[in-house]
Amino acid sequence: MITETISFVFFHPSVISHLLLFLCGLAAGSFLNVLIHRLPRGEAMGFSRSHCPSCRRQLGALELIPLFSFLWLRGKCRHCGRPISLRYPFIELLGGVVTVLWGMSFSGTTGKIVYLLLTYALIAVAFIDLEHKIIPNRLTIPFLLAGLVFMAWKGELPAALTGGLLGGGVLFLIVLCYPKGMGMGDVKLLAMIGVYLGWERIFFVLFLASLLATAVALALIAAKKMTRKDPIPFGTFLAFAAFILLYFPDLPRLFFLSIR
Ligand SMILES: [Zn+2]
């Protein structure tokens with residue numbers, strides 16, 4: 001029994017492939033950390049070595065290992081002793097978890113890898129907007145254009161165009177009427193999401209994001225952690241809602257069946 005369990009855990013092909021995906025995801029999460037740090041600051045995305053954000057010292061090889069280095073350094077820079085943000089190990093772990101989830105999803109879907117890249121882009125957008133209240137064009141525009149090419153290749157260009165125009169258009173109207181709440185970054189983000197998800201799901205993304213943003217804002221205001229005047233990073237909620245719809249596409253049907 002024990003030997004069977006051990007042989008299952010260590011030698012079963014799905015376990016090994018999940019473990020490999022998890023490790024690749026950790027590395028991807030580590031890259032996402034660099035992206036989230038550098039993109040909003042306008043720093044180059046080239047292959048320059050990562051450095052400590054406080055003392056700017058370049059990181060050694062051991063300090064670049066995802067997750068492990070955070071535990072090994074006990075959350076502090078080895079040089080200046082300043083605490084390392086918990087965001088770093090969190091995003092590395094998130095990268096690992098979503099990559100395994102991706103490996104188990106999209107079976108039989110053409111161009112499965114594109115959805116993994118889209119997932120990483122959504123994570124980057126979510127955390128950049130959360131921290132800097134901006135959504136970089138350098139992420140949304142390339143993913144929007146690449147999405148159109150990808151969907152044209154799949155023979156689904158009409159659906160992608162409708163989704164993109166409707167997603168961007170609806171939010172553009174909202175921004176026109178209510179310019180304080182959202183910006184053009186959100187418009188481009190929802191257009192990008194619409195290209196991949198199609199017009200049927202775009203309204204549910206908007207609905208879910210609004211619902212979550214309102215709930216979180218009310219909770220934070222009640223806890224006195226936020227005032228009514230603070231901006232809400234709506235892009236974070238749009239990206240999260242798109243992630244949910246991407247991995248749980250049956251959600252709208254379940255939701256509308258339950259309220260009928
Ligand atoms: Zn340092």
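I start with helix H9, residues 199–222: at 1.5 Å a residue, its 24 residues should span 34 Å, and its end C-alpha atoms are 35 Å apart, which agrees. The expected span is 1.5 Å times one less than the number of residues. Helices here are DSSP runs (H or I, at least four residues), numbered from the N terminus.

This is a predicted model: local features need pLDDT of at least 70, side-chain atom pairs count only at pLDDT 80 or more, and totals for chains, interfaces and linings use all residues. Residues are numbered from 1 along each chain as its sequence is written.

Within H9, the buried residues include Arg201, Ile202, Phe204 and Val205; buried means that 20 or more other C-beta atoms, placed from the backbone, lie within 10 Å of the residue's own. Just after H9, Lys224 has a positive phi of about 60°.

Next, Ile193, which sits in helix H8, residues 184–197. Ile193 counts as buried because 34 other C-beta atoms lie within 10 Å. Leaving out residues up to four places away in sequence, Ile193 touches Gly167, Ile202, Val205, Leu238 and Ala242; contact means C-beta atoms, placed from the backbone, within 7 Å. Leu144 is 49 residues from Ile193 along the chain, and their C-alpha atoms are separated by 7.8 Å.

Last, the domains. The assignment gives domain 1 (1–104) and domain 2 (118–260), with bounds from an automatic or database domain assignment. The contact takes 12 residues from each of domain 1 and domain 2. On the domain 1 side, helix H2 (13–38) and helix H4 (87–104) are the elements giving two or more residues. H4 gives the most, with six residues.

Conventions:
A residue is buried if 20 or more other C-beta atoms lie within 10 Å of its own, exposed if 12 or fewer, and partly exposed in between; C-beta atoms are placed from the backbone. Two residues are in contact if their C-beta atoms, placed from the backbone, lie within 7 Å.
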